[in-house]
Amino acid sequence: MTDKLSRRDFLKVVGAGAATAAVLTGCGPASRYVTREPYTKMPEYNYNGQSTYFATTCRECAAGCGLIVRTMQGRAIKTEGNPYHPVNLGKTCARGQATLQGLYNPDRLRNPVRNSRGESYQTGEKDWTEINWDTAIEVVAQALKDPAGVQFLLGPAPDHLFDLVREICKTIGAPAPIRFGALGMFEARVTLGEAARAMFGRPDTLFFDLANADLVISFGANFLETWISPVAYTRGYSKMRKQRTRGILVQLEARLSQTAAKADLWHPIKPGSEGLVAAALGKLYAEQKFGIAPAAFEAVDVAAAAEAAGLQLEALENLTALLLDADRPLVIPGGAALAHEHGLEIAKAILALNALLGNLGKPGGVFHTPVSPLGEEYRRPASLREMAELVERMKAGKIKTLFVHGVNPVFELPQALGFQAALEKVPTLISFATFPDETAMLADYILPDHHGLESWGYQRVTDGTGQAMLSGAQPVVAPFYNTKSTVDVLLAAAGLPFKDEVEYLQNQVAPLVEQTGGFYSAADLPSFWALFQQFGGWWKNDVSLSAPNAAGATEKKLNLKAVEASEQHEEFHLLVYPSPILAEAGANKPWLQEIPDPMTTVMWNSWIEINPHTAEELGLHNDDVVRVVSPFGAVEVSVYKYPAIRPDVVAIPFGQGHTAYGRYAEARGINPADLFGPNFNEAGDLAFADLKVRIEKTGKKRELSRLESKLGVYGEGMEEH
Amino acid sequence: MASLPKIPEYKAEWAEGEAGRWGIAIDMDLCTGCQACVAACSMENNVPFVGEHDAGYGRQMAWIRVERLWEGEYPEVKATPFQPVMCQQCGAAPCEAVCPVFATVHSQAEQINLQVYNRCVGTRYCANNCPYVARVFNWADYSNYPEPLANQFNPDVTVRRRGVMEKCTFCIQRIHKATDQAKAEGREVRDGEVQPACAQACPADAIVFGRLDDPESKVSKLSKDKRAIKLLEDLGTQPRVTYLKGGYHGNLG
């Protein structure tokens, strides 16, 4: 365009545009190769003092919220929600807001490097040699020539990379790529999917229509924090409360989480008793409503269930009365509730209870999420058992080259799984990390990908909205460093017939041009592509949720096990929950570190939550350092006397405890995943909620920085003042 | 004898009317304590982070905080509803009366409480006198970020130096942008046209911002709701932030 226009003419055009405050987004088919330059080389079309907004997709978790990023003079300066995007409708969470601190993180990887792994790991010194991208692509191409020895390990986002890798693996005959993310582990997504398959015949992720329910009983689902699609579920919660008859939220979990803090009723039930409680509620409900309990629930002993949960029988009866009273009741299974040895049965019990309540496929009930408009089948992340199998294959020397992208297995996987030790047997580890995370530090080659805000891509949105959609990502700034898109690297190395990532993406989204009922339509691919960038994706106007098949859902017998009584003072149930602010990968963003935890107001560190009475019996005070010992590991962490947790349960947030990952994350707090053992439930998810730990005094004290005053909280510190 | 000009006994006598111009209504039934407002505010207003040590000394710089208190003892324990607290933009602001250098003044145009950074000499009298603990002080040059973190700074907002008091401005840069735009188009600002960063981000739609002097605006309706309360209203500060207590439509379960 600038070739044909003189500068003077061009300024006239710009002036005319500025009068109507035009914003240059999605400038038509030609925009695909427009480059966005930093301030030092500002392109002349970038009008001084005017912001330019770009639509893209948030990569801080896999929920796929739409972002509008405000840029000025080639720099991204604020992320805002995309108001059209069906998942978040213009809203964002704290992590979405802080994504810029990832883009501008001072510790980002800036060049592709080769690392002589063993030495650097042991001495803690980096022995990196910068290489150029031609060499890097050659390294990848060489590795792909031995397809049997190749394994890709990918994160939950982005999907276009996963699609490409799957395609490549199929073509060259390599094992299928594996996806993993710690949040999926804490949400026990595989278990929920398997339960849906067993009950309804389809293993999709389920959509829980919070917005229209008038009674929600949540078994520890932290849907206001990190669960599945937190921004969408927060909107659902908000709508539930705004109904003409305000919806009621009941939370059943051992610790008063941030979500439970919003509940009208919280019962601290014993970990592992969730299935029994669900079954008991089912039995009481059915007996009172229909006079007879279906097969799924008839075997349960209500009094024993109440006893196992640590509840009064009266509490169960009151909950049943609430259920009988409600028009649109809904029961939600949380992650920790399913992370037990018999977690699959618990999930089935909770889904059966929904079937009994008759809410399947009805407003305020349970639905199958719509199939992605690209017509892809349901693909779940790997379960922990599958990850353990991967580790076994690594140990057996079957994997010659391991590619890692978008996930940090050394940090996120339980140490007891032995991933780090198994890396010794993998000759080549190639990391595509943007940040120097723990896995990248052990890699032989780091070929850094662009940051999410510098990247093209798309993400299938499977949860959070009833509209079938594909969320689109585009670079909002030019890449700052000598990084290269992993898709481009793989396209070059595998010799696929695509010129670059954009051509590949256009090829992928091409089938959407034909589809009807979309938010917009276009006659040809270039126009469609322009709109796809402008609106940050493509989605159908109509909701296409489908009803799960309820037939026989309440007639299958459940095999619910009784809960072991935990011995007081000796062992405690350890409840590990993902930090609502940091989640699995937020620790390198200083503003997320400094945002107080919603419940404890602790900043910049880890803590263990202990009931004040238990702490008193153990002779522990706030900020005392204790040693938490499990059969698989031990960590030392400061005490936070948490007033709303069962006396036989302690809790530690997950998210801190990095040994790498940049200056803001490193050597800060502890990683509770070090305590986990390789125990799985029937669906293969980690049974982390079964874990028992001992607590030992160390005599040390380490003060936690917290926003709330320590004075007067349970009398602490008052004696000195 | 010529009459002397009337000298107010204290500056708060210059209080504006009851109504005010811009206001916020926060529904505590909807607020989930997710801290998205805190992050959004910090990103929009170039609020620096201070690090673990200084944060432990109560020097955290956030202009908005989400309060939560405990009630009762286990098992009858509960957390009070999350309550985001920012500068209440008092109509009769206690902070204004004590500033010796007129660094904190009331703006006639926006009818909000301003902080003039280059007048501020850091006496911290205003913070001392603020009943809402809404003011934060730059104890050090916290904004000296390692490169290239400083690229995220919003060019519409100043970066404050050591020794300066700061606080929530209701995102005055956004108010100005919208009023300028409206003026250029010869109209009034539409309700919902301006949103401060906190309201814009809020996933639960708990924060509503708008014109209090427009009886039809969402925020004026909410601030007259029967659930409406004002924080420490008894002090006569005329806060412009309204909190909605209890359940939506007044029915609690």
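Buried area is the accessible area (1.4 Å probe) that two parts lose on being put together, summed over both. The model is predicted: local features need pLDDT of at least 70, side-chain atom pairs count only at pLDDT 80 or more, and totals for chains, interfaces and linings use all residues. Residues are numbered from 1 along each chain as its sequence is written, and side-chain values use heavy atoms, without hydrogens and water.

**View 1. The interface between chain B and chain A buries about 5500 Å².** Carbon and sulfur atoms give 57% of that area. B:Glu52, B:Trp70 and B:Tyr74 supply 15% of what chain B buries against chain A, more than any other three residues. In contact (heavy atoms within 4.5 Å) are 62 residues from chain B and 72 residues from chain A.

**View 2. A salt bridge joins A:Arg668 and B:Glu52.** Their side chains meet at 3.1 Å, N to O. Eight salt bridges (side-chain nitrogen of Lys or Arg within 4 Å of a carboxyl oxygen of Asp or Glu) link chain B and chain A.

**View 3. Helices of chain B touch chain A.** Helices here are DSSP runs (H or I, at least four residues), numbered from the N terminus. α1 (36-44), α2 (52-56), α5 (172-184) and α6 (197-201) each supply at least two residues of the side of chain B that touches chain A. The largest share, seven residues, comes from α1(B).

**View 4. Chain B has 253 residues, 55% of them buried.** Buried means under 20% relative accessible area (1.4 Å probe, protein chains only). Among contacts in chain B between residues at least 6 apart in sequence, 63% join residues at least 24 apart.

Definitions and conventions
Chains lettered and ligands numbered in written order. Buried < 20%, exposed > 50% of the residue type's maximum accessible area, 1.4 Å probe, protein only.
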